[in-house]
Amino acid sequence: MRIEQNNPFARLPEVASFNVTSSDILENSVLSAPQLSGKFGVEGGQDISPELKWSGAPEGTKSYAVTVYDPDAPTGSGFWHWSVFNIPADVTELATGAGSEGGAYLPPGATQLNNDASFAGFIGAAPPIGDGPHRYYFVVHALDVDDIHIPADSTPAFLGFNMLTHTLGRAVIVVTFER
């Protein structure tokens, strides 16, 4: 079954885990309309990033990154829904809608990358009709650097590559959706 395959962290070095919660999404639940993609034609979809709140990051954390990834997208490379980095270490929450285009609701210093829909911001779930359940990994990465030093026009995969040796811990919520 595809749901059990392709864990995006299975081949990465193990790191500490810490806690992430959300008033908008729950672990192992189905996404609701605000986190679905109206831009991609999902009825009722609103493309609103969920509230994320984290605690218990490893000692030495100097910044955070947040990524949202669908490893089940039928692309051969998954689908990046959101990537934001250089979130200051004293920030432990992103409000609902923080991933709006342009990043006006992000903390100072944070940078959004283009998602796989080609804009900097959050794009909601929109798996192909009949493709079965897709998993969406909402991940807060605790990093050992203040600034990951990548250009704002980088890809989410390039961010992941550069975070590899700087990740102290991950906090993960996995949710699903299918059409």
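Modeller: Let us begin with helix α1 of this predicted model, whose buried residues are P156, L159 and M163.

Colleague: What makes P156, L159 and M163 count as buried?

Modeller: Buried means under 20% relative accessible area, and P156, L159 and M163 are the residues of α1 that are buried.

Colleague: Why are they said to lie on the same side of α1?

Modeller: Seen around the helix axis, they cover an arc of only 55 degrees, and therefore they are on the same side of α1. What these buried residues pack against is β4, β5, β8 and β9.

Colleague: What makes β1 and β7 edge strands?

Modeller: In the open sheet the order is β1-β9-β8-β4-β5-β7, with mixed pairing among its 6 strands. Both β1 (16–17) and β7 (111–112) are edge strands, since each pairs on one side only.

Colleague: Which residues lie nearest the centre of the largest pocket?

Modeller: Those are P8, F9, L12, W80 and G160, out of 23 residues that line the largest pocket, which holds about 470 Å³ of space. Two or more lining residues come from each of β4, α1 and β9, and α1 gives the most, with 5 residues.

Key:
Residues numbered from 1 in each chain as written. Predicted model: local features only at pLDDT ≥ 70, side-chain atom pairs only at ≥ 80, totals over all residues. Heavy atoms only, no water. Pairing = 2+ DSSP bridges. Helix = DSSP H or I, 4+ residues; strand = E, 2+ residues; numbered from the N terminus. Buried < 20%, exposed > 50% of the residue type's maximum accessible area, 1.4 Å probe, protein only. Arc of directions from axis to C-beta. Contact = heavy atoms within 4.5 Å. 1 Å grid on protein atoms, 1.4 Å probe; cavity = no way out; pocket = protein on both sides within 12 Å on 5 of 7 lines; lining within 4 Å. Points joined across faces, edges and corners; volume = space filled by probe spheres on them.
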